[in-house]
Amino acid sequence: MRSSYLFTSESVSEGHPDKVADQISDSIVDLFLSKDPQARVACETLTTTNKVVIAGEIRGQGIMDTDGNWADGVLDEIEAAVRATVKAIGYEQAGFHWQTFDFSNNLHPQSADIAMGVDESGNKDEGAGDQGIMFGYATDETPGLMPATLYYSHKILERLAADRHSGAAPFLEPDAKSQVTLYYENELPVRATALVVSTQHAPGYCEKGDNADPAKYAVLRDHVMGAFHDILPDGYITDETKIYINPTGQFEIGGPDGDAGLTGRKIIVDTYGGAAPHGGGAFSGKDPTKVDRSAAYVA
């Protein structure tokens, strides 16, 4: 194994279309577990221009009976939870607005065959609803015990999202991606060779395009550069570090309006950023009987 090498991980913001889908799916898990701690939930979400579709298999007291009949008021609670999630992320755009997107609920009862394998009965312990392969480990590269490339990719976007919500960076919009490449020497990260942020922005805060305003772009670039310097350890950013901030030039159309989103399409971002194998299962939208989630957390 090489002791010196380059390694790269990416992260995505809460407003990335796939992450919007993940959060919507988990809002359904939260809602149903609040009603029945033993609820079974497998909720998938699709997001696109002014549309959210949820589908999957569920079971739970006070939610839905085995014939697929909803308990009183639950349908309204589901839609309210979905819209509240999108509102909290910050989408109030013409192409995707928490108040106006079309919503479709296609949840239905959990398969009786799956239920038979999962439920505890007699001398039988509670089982997993599926086979799967899960990986996990800890590293002392960062305070969060996660690989440095992924850890700093996450932290950069967390900072930009916090600045957007607080009003410190009102020119930022919800959709964003980051990428961090670090040079490892003797198996330890020592410096950044490349940093990338592509963030959705208000009109004009771009280097290219019909609305390009160099002065406004400089404000956005300086803000992102400040996040880089605040997040990365001292000495990681050097004169040789390559910096890419909105390298395509303009990023005004974003989120589900710019690209469709699906639950579970960012499983490497959710785990170790490529620094560990992954069995393929996603976390979001699943109750703890789905070992894709619970066993991965234990690992």
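Leaving aside residues within four places in sequence, Pro17 is in contact (heavy atoms within 4.5 Å) with Thr47, Asp175, Gly255, Pro256, Asp259, Ala260, Gly261 and Leu262. The structure is a predicted model, for which local features need pLDDT of at least 70 and side-chain atom pairs count only at pLDDT 80 or more, whereas totals for chains, interfaces and linings use all residues. Residues are numbered from 1 along each chain as its sequence is written, and side-chain values use heavy atoms, with hydrogens and water left out.

Pro17 is found in helix H1, where helices (H or I, at least four residues) and strands (E, at least two) are DSSP runs numbered from the N terminus. At a relative accessibility of 2%, Pro17 counts as buried, the classes being buried for under 20% relative accessible area, exposed for over 50% and partly exposed in between, with a 1.4 Å probe and protein chains only. Pro17 and Gly73 are separated by 56 residues in sequence and, from C-alpha to C-alpha, by 28 Å in space. Ser25 also lies in helix H1, which spans residues 17-35. Ser25 is buried because its relative accessible area is 0%, and, when residues up to four places away in sequence are not counted, Ser25 touches Cys43, Glu44, Thr45, Thr263, Ser284 and Gly285.

Four strands form an open sheet of mixed pairing, in the order E1-E7-E8-E9, two strands being taken as paired if DSSP finds at least two bridges between them. The edges are formed by strand E1 (5-12) and strand E9 (242-245), each of which pairs on one side only. On average, and with direction ignored, neighbouring strands of this sheet are turned by 15 degrees against each other; axes are lines fitted to C-alpha atoms, for helices over the stretch in contact, and angles run from 0 to 180 degrees between N-to-C directions. Helix H4 (residues 148-166) packs on the sheet, where it touches E1, E7 and E8, and the direction of H4 makes about 155 degrees with that of E7. Helix H5 (residues 214-231) lies across E7, E8 and E9 and runs at about 130 degrees to E9.

Strands E7 (residues 172-185) and E8 (residues 188-201) run antiparallel and are joined by 11 bridges, with Leu188 in E8 as the bridge partner of Glu185. The loop between E7 and E8 contains Asn186 as well as Glu187. Asn186, a residue other than glycine, has a positive phi near 55 degrees, and Asn186 counts as exposed because its relative accessibility is 57%. Glu187 likewise has a positive phi, of about 70 degrees, although it is not a glycine; with a relative accessible area of 43%, Glu187 is partly exposed.

Between E8 and E9 the pairing is in the parallel sense, over four bridges, and Lys242 in E9 is the bridge partner of Ala194. The chain crosses from E8 through H5 to E9 in a right-handed β-α-β crossover, a term that applies if, with the strands pointing away from the viewer, the path from the first strand over the helix to the second runs clockwise.

Grid points are joined across faces, edges and corners, and a volume is the space filled by probe spheres set on the points. The largest pocket holds about 300 Å³ of space. Of the 13 residues that line the largest pocket, Met146, Val269, Asp270, Thr271 and Phe283 are the closest to its centre. At least two residues of this lining are supplied by each of E1, helix H7 (267-270) and helix H8 (291-298).

In the whole structure, the search finds two cavities of 30 Å³ or more, and the largest cavity has a volume of about 80 Å³. Residues lining the largest cavity include Ile133, Met134, Phe135, Thr271, Phe283 and Asp292.

Gly274 is placed in the loop between H7 and H8 and is partly exposed, with a relative accessible area of 41%. Although Gly274 and Phe7 are 267 residues apart along the chain, their C-alpha atoms are separated by 9.0 Å. Residues up to four places away in sequence not being counted, Gly274 touches Phe7 and Ile268.

Note on methods:
1 Å grid on protein atoms, 1.4 Å probe; cavity = no way out; pocket = protein on both sides within 12 Å on 5 of 7 lines; lining within 4 Å.
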